[in-house]
Amino acid sequence: MSKSKRVSGFREDLCNLCGECLHQCPVLQLPIEEAKLEFNNLIQGKKSKYALYKCNTCFSCNLYCPQHANPYQLILERWNDLYKKRGAPPLYRFVVPTMDSNIWQLLNIFLSNQERRWIYKWMHYIPKPEDTPLLIGNYTHLFPFIIGGSKLLDSFKPIDRIDQWEGGAYLYQGGYLDVVQKISERTKEDFDSWGVKNIAATLDAVEYIFKEVHPKEMGVEHSQHFINFNQWLLDKINSKEIGIKYSLDLSVTVHDNCYSKTSEGIYWEPPREILNKCGCNIIEMKHNRKDSLCCGFGAGASWIKNISIVFDIISDGMKKFKEAEETGAEALVSYCGGCIYLLWATKELIRSKIKIYHIIEVVRMAMGEKLNYPKDHIKRAWDIIAIITYSLLLSFLNKNFFIHNITYDKILSTFKPKKYRILRVIRYLMDFPFMKLIFSKMFELLRLIFKSK
């Protein structure tokens, strides 16, 4: 039984049904009267025509609301209602670390020995009271070479708790609020058992979840101080504790992830200042900061049919690439590890020429650290594409499900995978350039057939 009480983040008492949230939405852009009607239907719990089936979970509506009523949180509540009725789509199993054949378990068969050593150490270290843990995160786990082996880790004790679910960040974004509440209680138990005073996370989203969502919406208060990793990077660069050896002279455009729009936009400027310090010239996309478009992940939250999820995600990711390429910048930079794996998968599938960097990689290059770029990313992108393909095939054999377990046992581990022969064959075929081209063409055809938005 839950120890805490969940409270909706939506402030119905402040909402005057002006409709601006859905009218200004960069995805919906509803006529004002239609926006008013749609939002009133959401409040009343009536059938939604647009929001629940087209929303990309980008948080922008909260910034457009003149009354600060948090309309996005109402959409999450209605998705939570739907989850109680229909469960989660079969494909979603692959991002549930407590279920068999999840993405972390499947990826283990493709990890290099060095990646295995990093991840094993991060997953098994138990923080001591004097430590400052750095939460590597579920999605940075997929690309450990982004930060593994870097001097940036010297100030922290990196840990990788997959079943902390990024504090519930990606589940929250999909409206699985009741599950997030359980996760908030579980993470509090972890933090308190460690006895640490400070905790850092590579994701802004995780900091926001722990500092804002857990106490205000889940009824779980953490006593630890949470360090913003990008602000920490900027402070250390300014104090010369992180030495910038090279000015990169790189033209970049910045991808503002969905969670960056929380907390009144405090997450937008530190990454841009870091990039300037590293010698990057920033060229902004048409949609940036509060208007920024999603990397594609959010399109999966408003799912209609299981088979359409992957194709909706990639379709929305293509919009991001179109805007990025129109800037003429050499590279697209993300400060979100969750966006990186989808952006790279999309880049390979649509064969985009623009480079993609995580901001940590930009800092490391400016520090003079050597990266195996882009080879590591290209290989991992196709690992991920193979896993998604395999997971989509598996999903046809499963039904909608409910997330019952939030903690995995010792038997279900990323280091005890099955043989996954079919997955290995899929991935082997993708090593051939001709097969990559065929797969990309086939994927585009299927995308046009099955996308629902």
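The briefing below covers strands, aromatic rings, charges over rings and the nonpolar core.

This is a predicted model, in which local features need pLDDT of at least 70 and side-chain atom pairs count only at pLDDT 80 or more, while totals for chains, interfaces and linings use all residues. Residues are numbered from 1 along each chain as its sequence is written, and side-chain values use heavy atoms, with hydrogens and water left out.

**Strands**

- Helices (H or I, at least four residues) and strands (E, at least two) are DSSP runs, numbered from the N terminus, and two strands pair if DSSP finds at least two bridges between them.
- Strand β7 (residues 331-334) is covered on both faces, with Ala331 and Val333 buried on one side and Leu332 and Ser334 buried on the other; buried means under 20% relative accessible area, exposed over 50% and partly exposed in between, with a 1.4 Å probe and protein chains only.
- Strand β5 (residues 250-255) runs parallel to β7 and is joined to it by four bridges, with valine 254 opposite valine 333 of β7.
- Strand β8 (residues 355-358) also pairs with β7 in the parallel sense, over four bridges, and there isoleucine 356 is the bridge partner of leucine 332.
- Between β7 and β8 the chain passes through helix α14 (residues 337-350) in a right-handed β-α-β crossover, a term for a path from the first strand over the helix to the second that runs clockwise when the strands point away from the viewer.

**Aromatic rings and charges**

- The structure holds 29 aromatic pairs, counted when ring centres of Phe, Tyr and Trp (its six-membered ring) lie within 6.5 Å, with planes under 30 degrees apart stacked, over 60 edge-to-face and the rest tilted.
- The ring centres of phenylalanine 191 and phenylalanine 210 are 5.0 Å apart and their planes stand at 80°, so this pair is edge-to-face.
- Phenylalanine 191 lies in helix α9 (residues 177-194) and phenylalanine 210 in helix α10 (residues 204-217), 19 residues apart.
- The charged end of arginine 86 sits over the ring of tryptophan 303, 4.0 Å from its centre, where the term requires NZ of Lys or CZ of Arg within 6 Å of the ring centre and within 35 degrees of the ring normal.

**Nonpolar core**

- The largest nonpolar core has 155 residues, and those touching the most other members include Tyr92, Leu171 and Tyr341; such a core is a set of buried Ala, Val, Leu, Ile, Met, Phe, Trp, Tyr and Cys residues joined through side-chain atoms within 4.5 Å.
- Helix α16 (residues 375-395) gives the largest share of this core, nine residues.
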